[in-house]
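Let's learn to read a protein structure by talking it through. Have a look at the picture, and then we'll go feature by feature.

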Amino acid sequence: MWEIPSQDSLFDRFRKYTKITGIIFIILGIVGIIYPTFMTIVTVSFISWLMLFAGTIAAYFTYISNKSDVMGWLKSFLLIIVAFYMLLYPLSGAGTLGLLLSIYFFVDAFSSFSIGLSNKGHKSMFLWFINGFFSAGLGVLFVLGWPLSSMYLIGLFVGISLLFDGIALLVGGSLFDKMLK
């Protein structure tokens, strides 16, 4: 039988995994800042592989559920073709991915502001607001330099975002330690 964990065990796991995730994000962020072109290629490749996987799964489910579903086959075909194109020509995919990442930064900013507001009165509120302002600023800078600077900015901005997300997670997990003592 499935059992709902107690709030104490949830906090303990949250503290532990928040710190581990924060450290990993900080390391990845530093790599992205030092080697932005490498991080861009990794990001475009990762997205391409996800699209290839999604297209393959969509084709499989279209096949087993309704072989005559033209839209299901079209979706699968487009995902697979775009994924292969981006894997073969990552520079071309960087421009489009650059625009999508600017949208991500704006959503990340909104999310950070929401988390900050939900932590009203806690010390971590300030860090979430800083994270939100940095993410919003990165989104604006990305839109201003698009599309020519996508090859450099994707890796740099993903690295910066991961660095600040990691710092926020690491400090947030440490604050839980102090709150529960």
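## Reading a helical protein

A: Let's start with a pair of neighbours: the axes of α4 and helix α5 (residues 124-145) come within 8 Å and cross at roughly 160°. Keep in mind that this is a predicted model.

Q: How do I put that angle into words: are α4 and α5 roughly parallel or roughly antiparallel?

A: The general idea is that an angle over 145 degrees counts as roughly antiparallel. Here α4 and α5 are therefore roughly antiparallel to each other. The crossing also has a hand: α4 passes α5 in a left-handed way.

Q: And which classes of residue make up the contact of α4 with α5?

A: You sort the contact residues into classes and count them. For α4 with α5, that gives 16 nonpolar, eight polar and one charged.

Q: Let me step back. How many helices and strands does the protein have?

A: There are six helices and zero strands. Read along the sequence, the pattern is simply α-α-α-α-α-α.

Q: What are the dimensions of the box that the C-alpha atoms fill?

A: Taken along the principal axes, the box is roughly 60 × 50 × 25 Å.

Q: What percentage of the residues count as buried?

A: To call a residue buried, you want its relative accessible area to be under 20%. Of the 181 residues of this protein, 36% count as buried.

Q: What about α2 and α4: at what angle do they pack?

A: For α2 and α4 the angle is about 85°, with the axes 10 Å apart. An angle of 65 to 115 degrees counts as roughly perpendicular, and α2 and α4 are therefore roughly perpendicular to each other. On the α2 side, the contact is made by Thr40, Ile41, Thr43, Val44 and Ile47; on the α4 side, by Pro90, Gly93, Ala94, Leu97 and Leu101. By class, that contact has seven nonpolar, three polar and no charged residues.

Q: Can we zoom in on Thr43: is Thr43 buried or exposed?

A: Thr43 sits in helix α2. With a relative accessibility of 13%, Thr43 counts as buried. Leaving aside neighbours within four places in sequence, Thr43 is in contact with Leu97, Leu101 and Ile154.

Q: Which backbone oxygen lies 2.7 Å from a polar atom of the Thr43 side chain?

A: That oxygen belongs to Met39.

Q: Where is Thr21, then?

A: Thr21 is in helix α1 (residues 7-34). With a relative accessible area of 30%, Thr21 is partly exposed. For a sense of distance, the C-alpha atoms of Thr21 and Leu117 are separated by 22 Å, and these residues are 96 apart along the chain.

Q: Which residues does Asp108 touch?

A: Not counting residues up to four places away in sequence, Asp108 touches Asn131, Ser135, Ser161 and Asp165. Asp108 lies in helix α4, which runs over residues 90-118, and is buried, with a relative accessible area of 11%.

Q: How can I compare separation in sequence with separation in space?

A: Pick a pair and read both values. Phe134 and Phe105 are 29 residues apart in sequence, with 8.8 Å between their C-alpha atoms. Tyr85 and Thr56 are also 29 residues apart in sequence, with 15 Å from C-alpha to C-alpha. Phe134 is in helix α5 and counts as partly exposed at 38% relative accessibility. Tyr85 is in helix α3, and is partly exposed with a relative accessible area of 43%.

How values were computed:
Residues are numbered from 1 along each chain as its sequence is written. This is a predicted model: local features need pLDDT of at least 70, side-chain atom pairs count only at pLDDT 80 or more; totals for chains, interfaces and linings use all residues. Side-chain values use heavy atoms; hydrogens and water are left out. Helices (H or I, at least four residues) and strands (E, at least two) are DSSP runs, numbered from the N terminus. Buried means under 20% relative accessible area, exposed over 50%, partly exposed in between (1.4 Å probe, protein chains only). Contact means heavy atoms within 4.5 Å. Axes are lines fitted to C-alpha atoms, for helices over the stretch in contact, and angles run from 0 to 180 degrees between N-to-C directions. Angles under 35 degrees count as roughly parallel, over 145 as roughly antiparallel, 65 to 115 as roughly perpendicular and the rest as oblique. Ala, Val, Leu, Ile, Met, Phe, Trp, Tyr, Cys and Pro count as nonpolar, Asp, Glu, Lys and Arg as charged, and the others, Gly among them, as polar. A polar contact is a pair of N or O atoms within 3.5 Å; within protein, one must be able to donate a hydrogen and the other to accept it, and residues adjacent in sequence count only if both atoms are side-chain atoms. A crossing is left-handed if the near helix is turned anticlockwise from the far one by less than a right angle, and right-handed if clockwise.
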